[in-house]
Amino acid sequence: MGNITEEIKRRRTFAIISHPDAGKTTLTEKFLLYGGAINLAGSVKGKATARHAVSDWMEIEKERGISVTSSVLQFEYGGYCINILDTPGHQDFSEDTYRTLMAADSAVMVIDASKGVEAQTRKLFKVCVMRKIPIFTFINKLDRDANDTFDLLDDIEKELGIATCPLNWPIGSGKEFKGVYDREKKCVISYADTEKGTREGTVTEIPIEDEAGLRALTGDAAADKLLEEVELLDGASAELDLELVQAGELSPVCFGSALTNFGVEIFLQHFLHMATTPLPRKADIGLVDPVENAFSAFVFKIQANMNKAHRDRIAFMRICSGKFDAQMEVRHVQGGKVMRLSQPQQIMADERKILSEAYAGDIIGVFDPGIFSIGDTVCMPKEKLQYEGIPTFAPEHFARVRQSDTMKRKQFVKGIEQIAQEGAIQIFQEFNTGLEEIIVGVVGVLQFDVLKYRLENEYNVEIRLENLPYEHIRWIENKEEVDIGKIVGTSDMKKVKDMKGNPLLLFVNPWSVGMTLDRNKGLVLTEFGRG
Ligand code: G4P
């Protein structure tokens, strides 16, 4: 192992965001393949087994009624040590998916070329924007019929409000997919389907000046189209300004096909070249530099009951500075205790590896006897610092909770508060009444089942959930300046408060949000709660 600075500098920690089925898993598999972390010999079978293992793990988790792991994968490529954070989708989409983005230094956005920007990408993208992290786009599935390339880029710019800079440009799509034009090298790289290879296949590179060669490869129509598009592109598109990329204002875009292994390694190389090393992070003492400072980390996710027999929890921490050594003592700042972190491990899907050391940029999972909360800081015993909390993300589904047996009020309140503290659900109360009515808000509907299951199994309390029609929640950013009682909303608006007493507004549709803003001049609403 090199020295600490070198180890930190070679780390790249990123999250992959996409809508389900855009090709996130396939792309990740190809990354792992290039890094030698998986072996393609018998890949098709290997891939199936790997998937099987992951989904089995998730099934088990679901049966136990706990939230689904977002896994962390670490691999080496070209001297870099890369951490990929997965952001689960479909019914597994939950607040954890958002929180994972708090632990990443950049994001890779995978878009299906026949679909453009889709709902889940849009949601996750908002968090990336809030954090101002660089976003790299991979437009996937060019081996299938794709939307017009300019339209795809327009869609990203309009839907997400980020400028794009294509690093390469596709020539045709589907059966007519001929390859990509590399804008830096000014040459055409011909398409090769190398699904079964361990590296990207041998590619033919034809300089764009070699018009005869180009026409021979693509045919006249495609060559004419390309030459025209390249001219348009060079005149119209943003320049590749690294500062803008790193500020999250310009997204470099690559085209390819993850399945057939085309354009993926090029994308990975561009990405590694442009992505940042672990970033300094805001704490109460100012920015904490990953290299200059001794070990520190924050908890971004808590996974409950991975082992039913022990009712244990795993706290996932992102190391923000220095080196972690399993033997050393650390201070849990919020708990005011100095301790050793127990069973530090790297968690890869269903596989756990006990770690002896890790560096800024890495993610570790530690055994949590119930002391950690999301957003907590750990650091060296002599240090005193506290990282900024993790924001609360907007739930989209709400239900009123009623107890079947009102005698068990105490267990009910204890259970629901503990589950909320782990970050599995959010709880709210009517703004003007006492504790009686509890409203639960979740990001993904699966979390309702988790709540019901856990209250029954762990706290012996049965509940009934009564769905509420709200889908949009807003925190009041300037609550000190506003008289909440006097806010005039639409008839379907509801005023609630969270456990800390912060006022919030619930709405049925975005129109009502707009109307309420119009009717109350000076009111500032946000989609993120302060952590
Ligand atoms: P996700 O993690 O984003 O949900 O997507 P995943 O990689 O699982 O891919 C979703 C489906 O799209 C898979 O097909 C996968 O093989 C396919 N796919 C991914 N990348 C490409 C690509 O570049 N070109 C084409 N043509 N297809 C691609 P599936 O049939 O659902 O799964 P499987 O049975 O093939 O594994």
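Residues count from 1 along each chain as its sequence is written, and side-chain values use heavy atoms, without hydrogens and water. In this predicted model, local features need pLDDT of at least 70 and side-chain atom pairs pLDDT 80 or more, while totals for chains, interfaces and linings use all residues.

Start inside. A nonpolar core is a set of buried Ala, Val, Leu, Ile, Met, Phe, Trp, Tyr and Cys residues joined through side-chain atoms within 4.5 Å. Buried means under 20% relative accessible area, exposed over 50%, and partly exposed in between (1.4 Å probe, protein chains only). The largest such core has 83 residues. Ile 139, Leu 226, Met 317, Phe 324, Ile 364 and Phe 372 have the most contacts inside it. Strand β15, residues 313–321, gives this core the most, with six residues. Strands (E, at least two residues) and helices (H or I, at least four) are DSSP runs, numbered from the N terminus.

Take Met 317. Beyond its neighbours within four places in sequence, its contacts (heavy atoms within 4.5 Å) include Phe 298, Leu 341, Asp 362 and Val 378. A second, separate core holds 29 residues, among them Cys 165, Leu 167, Leu 268 and Phe 271.

Now Gln 429, in strand β26 (426–430). Gln 429 is buried, because its relative accessible area is 11%. Val 496 lies 67 residues away in sequence, yet 5.5 Å away in space, C-alpha to C-alpha.

Two loops remain. Lys 141 sits between β5 (135–140) and α6 (149–160). Its phi is positive, near 70°. Asn 460 sits between α12 (446–459) and β28 (463–468). Its phi is also positive, near 60°. Asn 460 counts as exposed, because its relative accessibility is 52%.
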